[in-house]
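Please walk through the strands, the aromatic contacts, the cores and the pocket of the structure shown here, with the terms explained along the way.

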Amino acid sequence: MAWNSSVIMQMGRFLLLVILFLPREMTSSVLTVNGKTENYILDTTPGSQVSLICAVQNHTREEELLWYREEGKVDLKSGNKMNSSSVCVSSISENDNGISFTCKLGRDPSVSISVALNVIFPPLLSGNDFQTVEEGSNVKLVCSVKANPQAQMMWYKNSSLLDLEKSHHQIQQTSESFQLSITKVEKSDNGTYSCTAKSSLQTESLDFHLIVKALHEG
């Protein structure tokens, strides 16, 4: 019976040690970026600069941090890796809209936090502004557009809202373009077409000059 008591006492001490050390080993580290503990979207504008500071909370030892821009690893200086790490995103452009930066725990990459850039800018329009075509041919006016927030798109002809004829005009819109197709161009289609983008920031227009020549006209 004494032997059984001794075994039980030893097991009790072992369990006590496990209980004492278990919370310390299982303490989960939490990452924050600029004080936030969850993924978030950061509003910014072209030409600006933002600093993202990742820090480890509840850590019981030195923790190495890793930064990623989308899927690519960011090179960090040796003094900018342990427990706290920062990246500076400078000269932000419209093309950075939607780009995400992710901070990860070096020993456990599943512990991570991400920041997505929301680059706010007025409509930017571009396209081939002069086209000369013959009567009877088909033509497509392609207005390339970038905007955040998204813009409401419209076509005008000679400063008036274009009166769309079902069998003659066709409009196609994607996230990056607004197209006007004209089937079997006539002399009456000659004129200036304006691609107009209206967002909550401002309204922008781009003119497309369509010159229709008579068939076989020199």
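Lys-198 stands opposite Thr-203 in E17, and the two strands concerned, E16 and E17, form a hairpin with 4 residues between them. Strands here are DSSP runs of E with at least two residues, numbered from the N terminus, and two of them pair if DSSP finds at least two bridges between them. E16 and strand E17 (residues 203–213) run antiparallel and are joined by 8 bridges. This is a predicted model, in which local features need pLDDT of at least 70 and side-chain atom pairs count only at pLDDT 80 or more, whereas totals for chains, interfaces and linings use all residues. Residues are numbered from 1 along each chain as its sequence is written, and side-chain values use heavy atoms, with hydrogens and water left out.

Strand E16 (residues 191–198) is largely enclosed by the rest of the structure, because 6 of its 8 residues are buried, where buried means under 20% relative accessible area, exposed over 50% and partly exposed in between, for a 1.4 Å probe and protein chains only. E16 also pairs with E12, in the antiparallel sense over 6 bridges, and Met-154 stands opposite Thr-196 in E16. E17, for its part, pairs with E10 in the parallel sense over 5 bridges, with His-209 in E17 as the bridge partner of Phe-130. Phe-130 belongs to the uncovered face of strand E10 (residues 130–134), together with Thr-132 and Glu-134, while Gln-131 and Val-133 make up the covered face.

Since Trp-155 lies in strand E12 (residues 152–157) and Phe-178 in strand E15 (residues 177–182), the pair ties together parts that are 23 residues apart in sequence. Trp-155 is buried, with a relative accessible area of 3%, and Phe-178 is buried with a relative accessible area of 3%. Trp-155, Phe-178 and Phe-208 form one aromatic cluster.

In soluble globular proteins, nonpolar side chains tend to be buried together. A nonpolar core is a set of buried Ala, Val, Leu, Ile, Met, Phe, Trp, Tyr and Cys residues joined through side-chain atoms within 4.5 Å. The largest such core has 23 residues, and those with the most contacts inside it are Leu-31, Val-33, Leu-52, Trp-67 and Cys-103. Among the strands that each supply at least two residues of this core are strand E2 (40–44), strand E4 (65–69) and strand E8 (108–119). Apart from it lies another core, of 20 residues, among them Leu-141, Val-185, Tyr-193 and Leu-210.

An open sheet of 5 strands has the order E2-E8-E7-E4-E5, with mixed pairing; E2 and strand E5 (72–73) are its edge strands, each pairing on one side only. E2 and E8 pair in the parallel sense over 5 bridges, and Ile-41 stands opposite Ala-116 in E8.Finally, on a 1 Å grid over the protein atoms alone, a pocket is an open set of points where a 1.4 Å probe fits, with protein on both sides within 12 Å along at least five of seven lines, and lining residues have an atom within 4 Å of a point. Strand E11 (residues 139–148) gives the largest share of the lining of the largest pocket, 4 residues.

Technical notes
Phe/Tyr/Trp six-rings, centres within 6.5 Å; stacked < 30°, edge-to-face > 60°.
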